[in-house]
Structure formats: C-alpha cells, structure tokens
Amino acid sequence: ASLRACRFVVANVKTCNFDQADLRGADFSNAPIDAATFSSARLEGATFSGASTHGRTLKAGEIPSW
C-alpha cells in the first residue's frame, strides 16, 4: 500500500498490518501502535514520536524495530 505522508496522529492503529507499505513521511505521533507490524515497510522520514506500544513510548527519531 502507498501511504506516503499519511497522518495517523493519535490514531489507534493497534494490530494493523503495515508490512511492505510505503510509509515514507507518515506521521504516527502519539498513536497507540501495539501489535502493529511494519515488516519491510519503507519508513524513511516517518515520525513515531510519542507513539506507544505495550507500555513503552517511542522518543523522537525512534521507529518500530520489530
């Protein structure tokens, strides 16, 4: 899927499958991302600042690594 520059700010994307998606420039700030998958997704420029997963909050510059 091409989801370049999409805004998922504060959106509940728990359990969503973003595998192999083009998420360049997407914004997941402050979004709950528990159990969401990002395998082989293009994440260049994506923002996950404040996104939470299983009780952990990602900091500026961090991206999901699972």
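This is a predicted model: local features need pLDDT of at least 70, side-chain atom pairs count only at pLDDT 80 or more; totals for chains, interfaces and linings use all residues.
Trainee: Why is the sulfur of C16 called too far from the closest cysteine sulfur for a bond?

Mentor: A disulfide is a pair of cysteine sulfur atoms within 2.5 Å, and the sulfur of C16 is 12 Å from the closest cysteine sulfur, in C6, so the two are too far apart for a bond. Residues are numbered from 1 along each chain as its sequence is written, and side-chain values use heavy atoms, with hydrogens and water left out.

Trainee: What makes C16 partly exposed?

Mentor: A residue is buried under 20% relative accessible area, exposed over 50% and partly exposed in between, with a 1.4 Å probe and protein chains only. C16 has 29% relative accessibility and therefore counts as partly exposed, and C6, with a relative accessible area of 26%, is partly exposed as well.

Trainee: How do you know whether G45 is buried or exposed?

Mentor: The relative accessible area of G45 is 60%, so this residue is exposed. G45 is placed in the segment before β1, and if we leave aside its neighbours within four places in sequence, G45 is in contact (heavy atoms within 4.5 Å) with G25 and A26.

Trainee: And what about T53, is that residue buried or exposed?

Mentor: T53 has a relative accessible area of 7%, and therefore we call it buried. T53 lies in strand β1, which covers residues 52-53; helices (H or I, at least four residues) and strands (E, at least two) are DSSP runs, numbered from the N terminus. The chain comes to 0 helices and 2 strands. Not counting residues up to four places away in sequence, T53 touches I33, D34, A35 and W66.

Trainee: Why is the pair of F18 and F28 called edge-to-face?

Mentor: Rings of Phe, Tyr and Trp (its six-membered ring) pair if their centres lie within 6.5 Å, and planes under 30 degrees apart count as stacked, over 60 as edge-to-face and the rest as tilted. The whole structure holds 7 aromatic pairs. For F18 and F28 the ring centres are 5.4 Å apart and the planes stand at 80°, so the pair is edge-to-face. The two residues are 10 residues apart, and both F18 and F28 are in the segment before β1. F18 is buried, at a relative accessible area of 6%, and F28 counts as buried at 0%.

Trainee: What makes F38 and F48 an aromatic pair that is edge-to-face?

Mentor: Their rings are 5.6 Å apart centre to centre, with 90° between the planes. F38 counts as buried at 4% relative accessibility, and F48 is buried at 1%. F8, F18, F28, F38 and F48 form one aromatic cluster.

Trainee: Which residues touch the most other members of the largest nonpolar core?

Mentor: A nonpolar core is a set of buried Ala, Val, Leu, Ile, Met, Phe, Trp, Tyr and Cys residues joined through side-chain atoms within 4.5 Å. The largest one has 17 residues, and those that touch the most other members are F18, L23, F28, I33, F38 and F48. Leaving aside neighbours within four places in sequence, F38 is in contact with several residues, including L43, P64 and W66.

Trainee: How do you know that the radius of gyration of the chain agrees with that of a compact globule?

Mentor: The radius is taken over C-alpha atoms, and the globule rule is 2.2 Å times the number of residues to the power 0.38. For 66 residues a compact globule would have a value near 11 Å, and the chain has 10 Å, which agrees. Buried residues make up 38% of the 66 residues.
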